[in-house]
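I opened my notebook to look up a few things in one model. My notes follow in the order I took them.

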Amino acid sequence: MATSTPSTSSRSLPGTTSLSTKRTSLPFAYQFLAGSIAGVTEIACMYPLDLVKTRFQLQVTPPLSKVPFVQPHGAIATTVAKGQQPSTAAPRPYTSILGCLQRVIRREGVLRLYRGVLPPLIAEAPKRAIKFGANEQWGFILKKLFTLDRLTALQAGFVGSMAGATEAIFVTPFELVKVRLQDRSSLKLYTGTVDCMRKVAAQEGVLTFYHGLEATIWRHATWSGMYFMTVQGFRTAFPEMSTASKEESMMRNFTAGTLGGVMGVLVNTPFDVVKSRIQNQHAGPSGYALSRVAQLYRQEGLVPKLFRLGPGGGLLLVVFDRTSELMRHFIFEDSSNTKSAVIPATL
C-alpha cells in the first residue's frame with residue numbers, strides 16, 4: 001500500500017474541503033500509528049462499559065411459548081406451556097449500568113471489568129490498517145466509477161459503510177472470543193483468551209470463529225457509515241475558525257466524534273444485540289441477522305452503548321488529533337502548524 005507524501009494540503013473527510021490553515025499531511029504509516037494509539041486509548045478507557053453492554057445484551061428472558069430455545073453454551077431447555085417460565089431461564093440481575101458495574105466489582109473483582117480485552121487490543125492495529133486501506137480503495141472505486149472529483153456526505157457515508165463491512169470480515173473471530181469471555185456464565189468455562197480459542201476450535205470447529213459474520217458486517221457497516229456522515233456534516237455546518245485555540249479545536253473534535261458515535265449506536269444497536277447472542281450461542285440454528293433484528297427491534301443494551309461508543313467516538317478524534325500534532329512538531333518539525341489535524345474518514 002503506497003504511503004502519501006508530505007504536502008501543504010490537508011487530508012480531509014471525503015467530499016469535505018479544508019476549513020483550516022494549510023498544514024503538512026502525515027504519511028500513511030504515521031496516520032496508521034496515530035489511529036492505533038487512538039484506538040488502544042479508547043479501548044482502555046471505555047472497555048468496562050463494553051463489558052456492561054454485552055452482559056445486558058446476553059441477559060435474555062426466553063419467549064413464553066411452546067417452542068424449544070437455545071440457552072448460551074448450547075443448553076436446550078424443555079418446552080413449556082404458555083404463561084409458564086422455563087426452569088432453566090437465567091435470572092436478570094442487572095437493572096442499570098451502575099448496578100452492573102458495582103456487582104461485577106463486588107462479586108468478581110475490578111480486573112473482571114477487563115475480561116476479554118486482549119482480543120480487541122490484538123486486533124486494533126491490523127483493524128486500523130484494513131479500515132484505512134478499504135476506505136481509500138472504496139473511495140477510489142466510487143470516484144472512478146462515477147467520474148467524481150470529490151464525494152458528498154452521503155457518498156462518504158456509503159464509502160465508510162463499505163470500509164466497515166470489509167473490516168468486519170477481519171474482526172469477527174476476535175469479537176466472538178471477546179463476547180464469550182464477557183458473558184458472566186463463562187467465568188468457569190474459560191480461563192482466558194487462549195483457553196477460549198483452544199476450546200472453541202476443539203469442541204465446535206474452526207469455522208465457529210466466524211459465527212455471526214453476517215450480523216457483524218451489518219453492525220460495522222451501519223455504524224461506520226452513520227459515524228463518518230455525521231462527523232462530516234458537523235464539520236461542514238460548524239467550520240473551524242482561524243482564531244480557534246487548541247482547546248477549542250479539541251472540543252470541536254470531541255463533539256463531532258461523540259455525535260457520530262451516538263448516531264451510529266442508534267442505527268446499529270439491533271445488529272449488535274443479534275451479533276452478541278449469535279456468537280454466544282454454542283448450539284442450535286442462529287438464523288439470518290435481519291430476521292432476528294425484526295423480532296427484537298427495541299433498545300436492549302442501548303444506554304450502555306451510548307455511553308461506551310458516544311464519548312468513545314469523541315475520544316478517538318481527540319487522541320488522533322493530538323497524536324498527529326505531536327508527530328508534526330517533533331518528527332516533521334512543522335512549527336507553523338498550530339491548528340488541529342484533519343481526521344481522515346478511516347478511524
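What percentage of the 347 residues in the protein chain is buried? I found that buried residues account for 51%. I keep in mind that this is a predicted model.

**Overall make-up**

The protein chain has nine helices and zero strands. Reading from the N terminus, I wrote the order down as α-α-α-α-α-α-α-α-α.

Then I checked the contacts along the chain. I took those between residues at least 6 apart in sequence. Of these, 77% join residues at least 24 apart.

I also looked up the surface. The protein chain exposes about 16,400 Å². Carbon and sulfur atoms supply 65% of that area.

I picked H4, residues 153–182, and H7, residues 246–279. They pack at an angle of about 75°, and their axes are 9 Å apart. Angles of 65 to 115 degrees count as roughly perpendicular, so H4 is roughly perpendicular to H7.

Which residues meet there? From H4 I listed Thr172, Glu175, Leu176, Val179 and Arg180. From H7 I listed Lys275, Ser276 and Gln279. I sorted this contact by class: two nonpolar, three polar and three charged residues.

**Cysteines**

How many disulfides does the structure hold? I found zero. A disulfide is a covalent bond between the sulfur atoms of two cysteines.

Cys100 has a relative accessible area of 0%, so I noted Cys100 as buried. Cys196 is also buried, with a relative accessible area of 0%. Buried here means under 20%.

Methods: Residues are numbered from 1 along each chain as its sequence is written. This is a predicted model: local features need pLDDT of at least 70, side-chain atom pairs count only at pLDDT 80 or more; totals for chains, interfaces and linings use all residues. Side-chain values use heavy atoms; hydrogens and water are left out. Axes are lines fitted to C-alpha atoms, for helices over the stretch in contact, and angles run from 0 to 180 degrees between N-to-C directions. Helices (H or I, at least four residues) and strands (E, at least two) are DSSP runs, numbered from the N terminus. Angles under 35 degrees count as roughly parallel, over 145 as roughly antiparallel, 65 to 115 as roughly perpendicular and the rest as oblique. Contact means heavy atoms within 4.5 Å. Ala, Val, Leu, Ile, Met, Phe, Trp, Tyr, Cys and Pro count as nonpolar, Asp, Glu, Lys and Arg as charged, and the others, Gly among them, as polar. Buried means under 20% relative accessible area, exposed over 50%, partly exposed in between (1.4 Å probe, protein chains only). Accessible areas come from the Shrake-Rupley method with a 1.4 Å probe; for residues, only the protein chains shown count as cover. A disulfide is a pair of cysteine sulfur atoms within 2.5 Å.
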